[in-house]
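My notes follow in the order I looked things up.

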Amino acid sequence: MAKEFTMAEVAEHTSRNDCWVVLFGKVYNVTTFLDEHPGGDEILLNATGKDATDEFDDIGHSHDAWAMLEKYYIGEANKSTIPTKTIPSTHPLGVDTKGKKSKYMAYVIQFLVPLIILNVVVALFSKSSA
Ligand code: HEM
């Protein structure tokens, strides 16, 4: 069975000589990779001690980069110790960013409201011209 590390354990490995990162709930020892990383060592060092999944994902790493991960895998991150992201649950415009359903509702409203207004205008116009 794969070894499991808490985030506190992972956070003890944040130096140039001993560098671990957490990506997709897995722990990678990237110490030997620091000098080889095409994105530079600094960015990797900055990504230590926390869950760097979003940063890794945002770059849009290639398939090759994904395949390289395996080489540095040392175990699983204890999921309950990974802090949840502090993305606000509500959009500034009041759209719930967590629920797909409310996103769908926002789309429906976006199309439905102008359609209703158009209908009313057309109805009024045809009434007055009759
Ligand atoms: C073990 C983990 C990682 C591996 C194996 C890896 C591998 C690579 C590879 C192969 C590239 C070249 C471009 C590509 O093929 O996609 C790259 C570029 C890059 N990586 Fe990583 N990476 C890792 C982690 C990270 C993390 C955690 C970050 C950000 C916090 C990061 C940021 C970048 C950036 C900024 C570039 C340069 C992109 C560009 O110049 O277009 N990488 N990485």
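Where is the place of Phe 5? I found Phe 5 in strand S1, residues 4-5. Strands here are DSSP runs of E with at least two residues, helices are runs of H or I with at least four, and both are numbered from the N terminus.

Before going on, I noted that this is a predicted model, where local features need pLDDT of at least 70, side-chain atom pairs count only at pLDDT 80 or more, and totals for chains, interfaces and linings use all residues. Residues are numbered from 1 along each chain as its sequence is written, and side-chain values use heavy atoms, with hydrogens and water left out.

**Phe 5.** I checked burial: Phe 5 counts as buried because its relative accessibility is 7% (buried is under 20% relative accessible area, exposed over 50%, partly exposed in between, with a 1.4 Å probe and protein chains only). I then listed its contacts (heavy atoms within 4.5 Å). Leaving aside neighbours within four places in sequence, Phe 5 is in contact with residues including Val 10, Trp 20, Val 27 and Ile 74. Asn 78 is also in contact with Phe 5; the two C-alpha atoms are separated by 5.6 Å, though the residues are 73 apart along the chain.

**Whole chain.** I got five helices and five strands, running β-α-β-β-β-α-α-α-β-α from the N terminus. Buried residues make up 25% of the 130 residues. Among contacts between residues at least 6 apart in sequence, 63% join residues at least 24 apart.

**Cores.** I looked for nonpolar cores, meaning sets of buried Ala, Val, Leu, Ile, Met, Phe, Trp, Tyr and Cys residues joined through side-chain atoms within 4.5 Å. The largest has 14 residues, and Val 21, Leu 23, Tyr 28, Val 30 and Leu 44 have the most contacts inside it. S3 gives the most to this core, with three residues. A second, separate core of eight residues includes Val 10, Val 22, Val 27 and Ile 82.

**Pocket.** Last, I turned to pockets (on a 1 Å grid over the protein atoms alone, open sets of points where a 1.4 Å probe fits, with protein on both sides within 12 Å along at least five of seven lines; lining residues have an atom within 4 Å of a point). The largest is lined by 21 residues, with Phe 33, His 37, Leu 44, Phe 56 and His 61 nearest its centre. H4 gives the most to this lining, with four residues.
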